[in-house]
Amino acid sequence: MKELEGLLDRIIQRVNINLRELEFDVNPLVQNLIPPNQMTKFYAFYGITPHHPLNLQFKHSNLAGSYFLGKCRVTNSLLYKSDIRGDELKKKGDLFQYHNFEIPVNRDEEIEIDDSFLIKTLVHNFSHDPETLEKFFIRDTISIHYANIHGSPTDGSFLGPFSTVDLTTTRDCLIGAFSYIQTGEISHMNIKPGTVWIRYPEEFNFLYRYPVDRLNNYIYFAAGTPPQGIFIDFVEDRKEAFQRIFSTVDVEPSVSVPDSASLDRYSVVKPKTHISANVLVAQRAYIQNSWLGKGANAQENCYIINSRLEGFDITAHGAKIIEADLGKNVFVGFNSFLRGRPESRLTIGQDSIIMPHTIIDIRKSLTIPDSHIVWGLVTNQQDLEENSMSLEAFSKIDAPLSRGNMTFEGNGLSFVASFKERIQHILEENGAFFNENSNEGHAQKNQNISFNTIQPYPKGDKKGLYPTISIQP
Amino acid sequence: MKKYLVKDLMVPLSEYATVSEGATLLETLLALEKAQEEFQHTRYSHRSVLILDKNKHVIGKLSQLDFLRVLEQENEHIEQINSISKFGFSPKAIIAFQENHRTQSAPIEKTLLTAAKLKVEDFMRSPSEAEYIKESTSLDIAIHQFTTGLHLGLLVTKGKDITGVLRLSDVFAAVFHAMKDSDLKE
């Protein structure tokens, strides 16, 4: 296992060199985070479909429990139970719109992961950086449990647990636990835990910062121990169900699935769940005793338990919905944690937007009216009043506003419109509007998918390393 | 215009506001007030206090701005207020943020009471290399040092000793009067 250990040391050193300006040492945080025997225990797997170009190249890497789709190269890296989903990459001939530029894409885009250590991380979407259209790179980077690297080329950075970089090129940055960044580009920044920052220069700037003492109950990460808190406990409590799925060769769906819907073979669906037409349930999603109305989706690492989603609801990567009733067209952003209780349910009115990385954790029933936007930490009615607004009111903001831990500046209408536009795009991509032969999306395309597994060296110096593998059509 | 040197315009250390290390913030401000009252050579009063060690060597400096910063440091939200600027907000948005958090901060009277008892060495600034200037330096060099460093005063040295303070206000006055004189002559 010498080579595997040497690889980890090499990655740590490269990340530390990039973060030297921030005087940050990743070594104590990650050196013993994943026991070496875990890195050799799990197979990696990849999907083949008629819809996605295929080109997978693995070299001098460990891929334990990770999943690959589309075009991806992995070199000198450790990928532990991560999802590298290249089903939205740009294709040769596409035109990339950036401000007033229409830039042609010269070749199929690829995800390129070099000298990085990704733990239970989701990599998805396509590079939104106009400077690197054909290459969605991740290099000299370490990301911890349930981080999302979404359309964000990343270089020399450390991403804490449950953090997200979304449509943002990230260079030499520290992204704290449960922080969400969507700003186009950042470099040399130390983002503290619980920072939610969405900025579009000249248009709007949104910032919310969690009270760290309260956030620590949900997620806390320090040197010497793995990430801790309610989020981790919640996921760990349901880990066994996934272990069964991953250790079984043939898995039959436990519920009836309409022809236009897709239930991933690596998802967990427990009774009594109802799957409607055009529903997408991605790998590593967990659904229990819930109703998923037409066009709803549950993306990777989502948990929907004892809940009802009326239809066209988006549960973005890593979001959790427990004991809740969602009207139609509700968007629940990345890694949000929405928890009602059996006797005090959470109700979310139709057309509402739950912003990425929102925590709603209640002990008394709570209702979010229709067409509202919610952010931050909400545990009761008073929090809700501070951390939400009607979309209509938010759209009227045209002067700086500071309220509770949130500060907003710019054009409220533009902010709301950009969310709505993105929600529409996600529904389209996921096939929510599929109608016989038109508007096909992931829910339809992912039905015909084959999975193959690959394994590492079982013993010797190379134990845990995968041989150099090239997988092409 | 007269060929000024730094030593022609500086305030000698003996006429400047000084306190010994160990003084409280209030004692430091009282020393500044006293020096301002006693120094009547020009209309411009002293704006900072030098802190001396037991050997009468200058070890630090506390300006009016430094004093105001002490009050801000006592505000538990100041770190948040400072950090918001790195997120690309405009001055207007930062003011909105400050006003939002003002209600959560301790009243200014309480802050003043606490700050008065603090030790000056905990808040003084050690002068940077760019804040020293030799007695024999010419005025044009001194002007450049002021404009590039955005300083209000420079510590004047002779050998290893600090002999005085060259104040921006005195340099300004000298240049201004020279300009006025030359204009009147024409």
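1. In chain A, six strands form an open sheet in the order 27-30-33-36-39-42, with parallel pairing; strands are DSSP runs of E with at least two residues, helices are runs of H or I with at least four residues, and both are numbered from the N terminus, while two strands pair if DSSP finds at least two bridges between them. At the edges of this sheet stand strand 27 (274-275) and strand 42 (366-368) of chain A, each with a single partner strand, so one side of each is left without a neighbour in the sheet.

2. This is a predicted model, in which local features need pLDDT of at least 70 and side-chain atom pairs count only at pLDDT 80 or more, whereas totals for chains, interfaces and linings use all residues. Residues are numbered from 1 along each chain as its sequence is written, and chains are lettered from A in the order in which they are written.

3. Within chain A, strand 36 (residues 324-326) and strand 39 (residues 346-348) run parallel and are joined by 3 bridges. A:Asp325 has A:Thr347 of strand 39 as its bridge partner.

4. Chain B contains 8 helices and 7 strands, and its C-alpha trace spans about 60 × 45 × 30 Å along its principal axes. Of the contacts in chain B with a separation of 6 or more, 62% are between residues 24 or more positions apart, a contact being two residues whose C-beta atoms, placed from the backbone, lie within 7 Å.

5. Where the chains meet, 10 residues of chain B are in contact with 10 residues of chain A. Helix 5 (residues 91-102) of chain B gives the most to the side of chain B that touches chain A, with 5 residues.
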